Amino acid sequence: MLWTPAWTAAEVDLLVEARPGLSTAGLGLGGADGVRLRAFDAGELSDPIVSGRLSARLQASDGVVAVGYETASWVARELEGGRVHFVGGVSRLSGAALKARGWSGELSFPAGAFLDLARREGWRRVGVLLAAGYEGAEAALRAAAAARGLSVEVRTVSSRRDIPKAAQDLAGRCSALWVLGDPLLTRGAGFDYLVELSLSRRLPLLAPEPGMVDGGAFAAWEPDQEEAAARGAALSKGLSGEGWPASGVRFGSVAGRLRVNEVLRRRWAGGGG
C-alpha cells in the first residue's frame with residue numbers, strides 16, 4: 001500500500017456493511033482513538049433525514065473507510081469529495097468519478113484469484129476489460145499472470161460504445177474474459193452484452209461480485225465479510241494517525257472463495273447447448 005506522507009487525521013469514520021451474523025464488536029475498536037464505527041444499514045438510510053445527517057457528517061470527516069458493496073454504492077452516490085477509501089465494493093464506483101475525486105480503493109479479491117482458476121481450467125490467455133480509472137491494478141495483474149505462466153490481454157474502456165469492439169477483439173484471442181471495472185461493465189446494458197457474448201462464444205466470463213453469477217457470469221469472487229470488516233478496522237486505526245492511501249485502485253488481500261456457475265460448467269463440459 002502506498003501512502004501520502006503529509007497527512008494526519010483527527011478522526012476516521014468507518015462504515016461496515018451490516019450483514020446477518022456479522023458483529024462489529026470483535027473488530028478491536030473498543031477505545032481506539034480517532035475511529036468512529038457505524039454499521040451501515042441500507043434500510044435505515046432509506047429515511048432521507050437519517051441519510052442526509054450521515055452524509056453531512058461524513059462530508060466533514062477527516063477520512064472515510066467504506067466496507068462492502070452497498071456501502072460503496074451509497075457513499076459514491078452521497079459524497080462528492082473528501083478522503084474516501086473503499087475496502088471491496090469498488091466495482092460499484094465509476095472509475096472516472098473515483099479518479100476525479102481522488103478516492104482510493106482495494107478490489108475485493110487478490111490479484112491471483114481468477115488467474116488460479118484460469119490455470120486449473122487450462123485457459124492460457126485471459127482477456128481483461130479494464131474500466132478507465134482502474135489502471136492502477138494493471139501492473140499487479142500482469143505480474144500475477146506471469147508468475148503463473150499465463151498471459152493477459154488488456155483493453156481499457158471509457159464508454160459504453162467502447163465495449164463491443166474491445167470485447168469482440170478479446171473474445172477472438174482469449175480463452176476467458178475478465179471484467180475488471182465499474183458499473184459501465186458490471187451493470188445494465190454493458191454487463192448484459194458481455195453475458196450474451198460469453199454464452200454465444202462459450203467464453204467464461206469472470207466478474208467481481210458474487211451476485212453476477214446469477215446474472216450469467218461463469219465465476220465471481222465472494223469475499224469473506226468478517227475479514228473485510230477486520231481489514232477496514234485495521235486500516236482505520238492506522239489511518240487515524242498516519243497517511244492516507246494514494247488515489248486509485250489496487251488489488252486487495254481479503255480472503256474469500258470463487259463462486260462458480262455450476263450450470264454453465266456442466267453444460268460446457270458436457271458439450272450441451
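Buried here means under 20% relative accessible area, exposed over 50%, and partly exposed in between (1.4 Å probe, protein chains only). The views below come from a predicted model, in which local features need pLDDT of at least 70 and side-chain atom pairs count only at pLDDT 80 or more, while totals for chains, interfaces and linings use all residues. Residues are numbered from 1 along each chain as its sequence is written, and side-chain values use heavy atoms, with hydrogens and water left out.

**View 1. Glutamate 153 and arginine 125 join two strands through a salt bridge.**
Let us start with charges: a salt bridge is a side-chain nitrogen of Lys or Arg within 4 Å of a carboxyl oxygen of Asp or Glu. The closest N and O atoms of glutamate 153 and arginine 125 are 3.7 Å apart. Glutamate 153 belongs to strand β8 and arginine 125 to strand β7, 28 residues apart, and the pair links distant parts of the chain. Helices (H or I, at least four residues) and strands (E, at least two) are DSSP runs, numbered from the N terminus. With 13% relative accessibility, glutamate 153 counts as buried, whereas arginine 125 is partly exposed at 34%. Look around the pair and you will find a network of salt bridges that links Arg125, Glu153, Arg155, Asp169 and Arg173.

**View 2. Aspartate 13 and arginine 57 meet in a salt bridge.**
A search of the whole structure finds 20 salt bridges, and in the one shown here the N to O distance is 2.9 Å. Aspartate 13 sits in strand β2 and arginine 57 in helix α1 (residues 48–59), so the pair ties together parts that are 44 residues apart in sequence. Aspartate 13 is buried, at 0% relative accessibility; arginine 57, at 31%, is partly exposed.

**View 3. Glutamate 70 and arginine 92 form another salt bridge.**
Here the side chains meet at 3.2 Å, N to O. Because glutamate 70 lies in helix α2 (residues 69–78) and arginine 92 in the loop between β5 (84–87) and α3 (95–101), the pair ties together parts that are 22 residues apart in sequence. Glutamate 70 is partly exposed, with a relative accessible area of 37%, and arginine 92 is buried, with 17%.

**View 4. Six strands build an open, parallel sheet.**
Follow the strands in the order β3-β2-β4-β5-β6-β13. The edges are β3 (35–40) and β13 (248–250), each with a single partner strand, so one side of each is left without a neighbour in the sheet. On average, neighbouring strands of this sheet are turned by 15° against each other, direction ignored; axes are lines fitted to C-alpha atoms, for helices over the stretch in contact, and angles run from 0 to 180 degrees between N-to-C directions. Two strands pair if DSSP finds at least two bridges between them. Strand β2 (residues 12–17) pairs with β3 in the parallel sense over six bridges, and leucine 14 has leucine 37 in β3 as its bridge partner.

**View 5. Phe109, Phe114, Trp178 and Phe251 form one aromatic cluster.**
Rings of Phe, Tyr and Trp (its six-membered ring) pair if their centres lie within 6.5 Å; planes under 30 degrees apart count as stacked, over 60 as edge-to-face and the rest as tilted. The structure holds nine aromatic pairs. One of them, phenylalanine 109 with phenylalanine 114, is edge-to-face, at 5.4 Å centre to centre and 70° between the planes. Both phenylalanine 109 and phenylalanine 114 are buried. Phenylalanine 114 also pairs with tryptophan 178: the centres are 5.1 Å apart and the planes at 65°, so this pair is edge-to-face. Phenylalanine 114 lies in helix α4 and tryptophan 178 in strand β9 (residues 176–180), so the pair ties together parts that are 64 residues apart in sequence. Tryptophan 178 is buried as well.

**View 6. Leucine 107 is buried in a loop.**
The loop runs between β6 (104–106) and α4 (113–121), and leucine 107 has a relative accessible area of 7%. Contact means heavy atoms within 4.5 Å. Neighbours within four places in sequence aside, leucine 107 is in contact with residues including Gly88, Val90, Tyr134, Leu180 and Phe251. Its C-alpha atom is separated by 9.0 Å from that of valine 254, 147 residues apart along the chain.
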